[in-house]
Amino acid sequence: MLVKPGEKIPVDGQIIDGATSIDESMATGESMPIQKGPGDEVIGATINQNGLIKVRATKVGKDSFLAQVIKLVEEAQGTKVPIQKFADKVTGIFVPTVR
């Protein structure tokens, strides 16, 4: 696919032609754009800053970086740390007796 300056990169992939700097702050937290060229990996939903690049898709759907991050966050929200389990037990006993 062809990604023009200012456009979001649609999927995870590898640059096959061109060079640019990419704003990866949404994925990595890095505030400065990263220089990329042929052979470099790019992350979907990051922003192509200033160069015209051709990208070959390497990961789409559930295999993409963004999908993996979402999966990890969902798993983290679904599990409780041991202290949270203990707090739930205590409040389950303590709160009804206070009424």
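Guide: Start with pairing: two strands pair if DSSP finds at least two bridges between them. Helices (H or I, at least four residues) and strands (E, at least two) are DSSP runs, numbered from the N terminus. In this model, Ser 21 has Gln 35 in strand 4 as its bridge partner.

Visitor: What kind of model is this, and how are residues numbered?

Guide: This is a predicted model: local features need pLDDT of at least 70, side-chain atom pairs count only at pLDDT 80 or more, and totals for chains, interfaces and linings use all residues. Residues are numbered from 1 along each chain as its sequence is written, and side-chain values use heavy atoms, with hydrogens and water left out.

Visitor: How many bridges join strand 3 to strand 4?

Guide: Three bridges join strand 3 (residues 20–23) to strand 4, and the two run antiparallel. They belong to an open sheet of three strands in the order 4-3-6, with antiparallel pairing.

Visitor: Which strands stand at the edges?

Guide: Strand 4 (34–36) and strand 6 (47–48) do. Each has a single partner strand, so one side of each is left without a neighbour in the sheet.

Visitor: What is the secondary structure of the whole chain?

Guide: The chain has three helices and seven strands. From the N terminus on, their order is β-β-β-α-β-β-β-β-α-α. The radius of gyration is taken over C-alpha atoms, and the globule rule is 2.2 Å times the number of residues to the power 0.38. For 99 residues the rule gives 13 Å, but the chain has 21 Å, well over that, so it is more spread out than a compact globule. Along the principal axes, the C-alpha atoms fill a box of roughly 70 × 25 × 20 Å.

Visitor: What share of the residues counts as buried?

Guide: Buried means under 20% relative accessible area, exposed over 50%, partly exposed in between (1.4 Å probe, protein chains only). Here 22% of the 99 residues count as buried.

Visitor: Take Gln 68. Is Gln 68 buried or partly exposed?

Guide: Gln 68 sits in helix 2 (residues 65–78). Its relative accessibility is 33%, so Gln 68 counts as partly exposed.

Visitor: Which residues is Gln 68 in contact with, leaving aside neighbours within four places in sequence?

Guide: Contact means heavy atoms within 4.5 Å. On that basis, Gln 68 touches Lys 62 and Asp 63. Thr 28 is 40 residues from Gln 68 in sequence, and their C-alpha atoms are 13 Å apart in space.

Visitor: And across the chain, what share of contacts joins residues 24 or more positions apart?

Guide: Among contacts with a separation of 6 or more, such pairs account for 69%.
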